[in-house]
Amino acid sequence: PKDQMVQALAAVKQVNPEMYFYGEGWNFGEVQDDKRFVQATQKHLAGTGIGSFSDRLRDAVRGGSPFDGGDTIRKTQGFGNGALVDANEMDGVDRATALHQSDLVRLGMAGNLKEFILTDKDGMPKKGADIDYNGQPAGYAQDPTEIQNYVDKHDNQTLFDNLIYKAPQGADLVRMQGVSLATAMLGQGIPFTHAGVELLRSKSMERDSYDSGDWYNRVDYTLADNNFDKGLPRKDKDGDNYPLIEQVLGKHVKPSGADMATMVGFYQELAELRQSSRLLRLGSGAEVIKRVDFRNTGPDQVPGLIVMTVDDGVNAGADLDPAIDGLVVMINATNAPQSVSDFRDGNDQPIDLASLQLS
């Protein structure tokens, strides 16, 4: 119940004001749609300060749904594994779908706020609550701390196994893993990362491994083995996916220790970047709405390119990072170099990027 969680958090904060609550927030089971009480679900948690896992960014980056099976898994590529810009042989994602995925990524990086205004794929300004996610409002939070942004957690295939399912043959899976993680770690929500995601962790394609023991759930911090291709996953969990698994296993080689070390480096770099500036951790919905914006939006955008700006200039309010007047986060999910220009200030004057520092 929502009231129970709100009261519990208030009581705990009397002991430790820094305490934070988050939960899964899904709407299902015998209490679905508030049948017995108002639930602590996503749509009810705005303003409580309690976080919930956001499936919006997850599905946009991974593609499709965790409940997909068979060939549908491979057809539904996402932002992080090549939708439209690096299509696999099924080429199952059209431009409108890919651009909508990018809208969901942008909204997620802005903390999935109800009131954040985003220029959508059609060039229309829309509040987060008016952007669609499977018939629901995509934006549902008041503050970004009420959002757990993730692309990998204990449920469902690991991010690496999801890439095996969806990426085209010969794709750079290490870089795809880094690009996917960047959407969560460089956005305004609270990033949640799964144990071993920095090691390219695999569960040998197992979808639901909570009771599958160490064979599927092993994490090797020596970087000797990411636990990929240890045999087919359990038949009761993934038997229907065996034909697809056998097909995709032949399209990718097992990552080496060097590959895993590269991913560890990417993860450390993302963590350091997030910590490097308060502008990536605004915490307040009002501050996000005032300071965060996106370039490369609308119908003429370059697909696969997210460009987020965060303002710390004279018109932004308090100086949150004395070292800089703003920052730009660019996430390039394409196979080619990309550029974006025409940065302008609040008075529509061009911004000189001559002294821009690249992290």
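Apart from residues up to four places away in sequence, Gly 326 has contacts with Leu 279, Val 310, Asp 311 and Asp 312. The structure is a predicted model. Its largest nonpolar core has 64 residues, and helix H6, residues 173-185, gives the most to this core, with eight residues.

**Gly 326**

- Gly 326 lies in strand E11, which spans residues 326-332.
- Gly 326 counts as partly exposed, because its relative accessibility is 29%, and the partly exposed class lies between the buried limit of 20% and the exposed limit of 50%.
- Gly 313 is 13 residues from Gly 326 in sequence, and their C-alpha atoms are 6.5 Å apart in space.

**The largest nonpolar core**

- Among the 64 residues of this core, Met 109, Phe 116, Val 292 and Phe 294 touch the most other members.
- H6 is the element that gives the most to this core, with eight residues.

**Helix H6 with helix H10**

- Helix H10 covers residues 257-276, and the axes of H6 and H10 come within 10 Å and cross at roughly 20°.
- H6 is therefore roughly parallel to H10, since angles under 35 degrees count as roughly parallel.
- H6 and H10 have a right-handed crossing.
- On the H6 side the contact is made by Val 174, Arg 175, Gln 177, Gly 178, Leu 181, Ala 182, Ala 184 and Met 185, and on the H10 side by Asp 259, Thr 262, Met 263, Phe 266, Tyr 267, Leu 270, Ala 271 and Arg 274.
- By class, the residues in the contact of H6 with H10 are 10 nonpolar, three polar and three charged.

**Helix H5 with helix H6**

- The axes of H5 and H6 come within 10 Å and cross at roughly 120°.
- H5 and H6 are therefore oblique to each other.
- The crossing between H5 and H6 is right-handed.
- Leu 159, Phe 160, Leu 163 and Ile 164 of H5 meet Leu 173, Met 176, Gln 177, Ser 180 and Leu 181 of H6.
- The contact of H5 with H6 consists of seven nonpolar and two polar residues, with no charged residues.
- Gln 177 and Leu 181 are among the H6 residues that meet H5, and they are also among the H6 residues that meet H10.

**Helix H2 with helix H4**

- Helix H2, residues 55-62, packs with helix H4, residues 95-109, at an angle of about 140°, and their axes are 8 Å apart.
- This angle makes H2 oblique to H4, because roughly antiparallel needs an angle over 145 degrees.
- H2 and H4 cross in a left-handed way.
- In H2, Arg 56, Leu 57, Ala 60 and Val 61 meet Gln 101, Leu 104, Val 105, Gly 108 and Met 109 in H4.
- The contact of H2 with H4 has six nonpolar residues, two polar and one charged.

- Gly 178 is part of helix H6 and counts as buried, because its relative accessibility is 10%.
- With neighbours within four places in sequence left aside, Gly 178 is in contact with Met 263, Phe 266 and Leu 270, each of which is among the H10 residues that meet H6.
- The C-alpha atom of Gly 178 is separated by 18 Å from that of Asp 225, 47 residues apart along the chain.
- Ser 180 is also found in helix H6 and is buried, with a relative accessible area of 1%.
- Ser 180 touches Val 61, Gly 80, Val 151 and Leu 159, with residues up to four places away in sequence not counted.

**A buried residue in a loop**

- Gln 157 sits in the loop between strand E7, residues 147-149, and helix H5, residues 159-166.
- Gln 157 is buried, with a relative accessible area of 6%.
- Not counting residues up to four places away in sequence, Gln 157 touches Arg 62, Asp 152, Asn 162, Tyr 165, Met 205, Glu 206, Arg 207 and Asp 238.

Key:
Residues numbered from 1 in each chain as written. Predicted model: local features only at pLDDT ≥ 70, side-chain atom pairs only at ≥ 80, totals over all residues. Heavy atoms only, no water. Core = buried A, V, L, I, M, F, W, Y, C linked by side-chain atoms within 4.5 Å. Buried < 20%, exposed > 50% of the residue type's maximum accessible area, 1.4 Å probe, protein only. Helix = DSSP H or I, 4+ residues; strand = E, 2+ residues; numbered from the N terminus. Axes fitted to C-alpha atoms, helices over the stretch in contact; angles between N-to-C directions. Parallel < 35°, antiparallel > 145°, perpendicular 65-115°, else oblique. Left-handed = near helix turned anticlockwise from the far one by under 90°. Contact = heavy atoms within 4.5 Å. Nonpolar A, V, L, I, M, F, W, Y, C, P; charged D, E, K, R; others polar.
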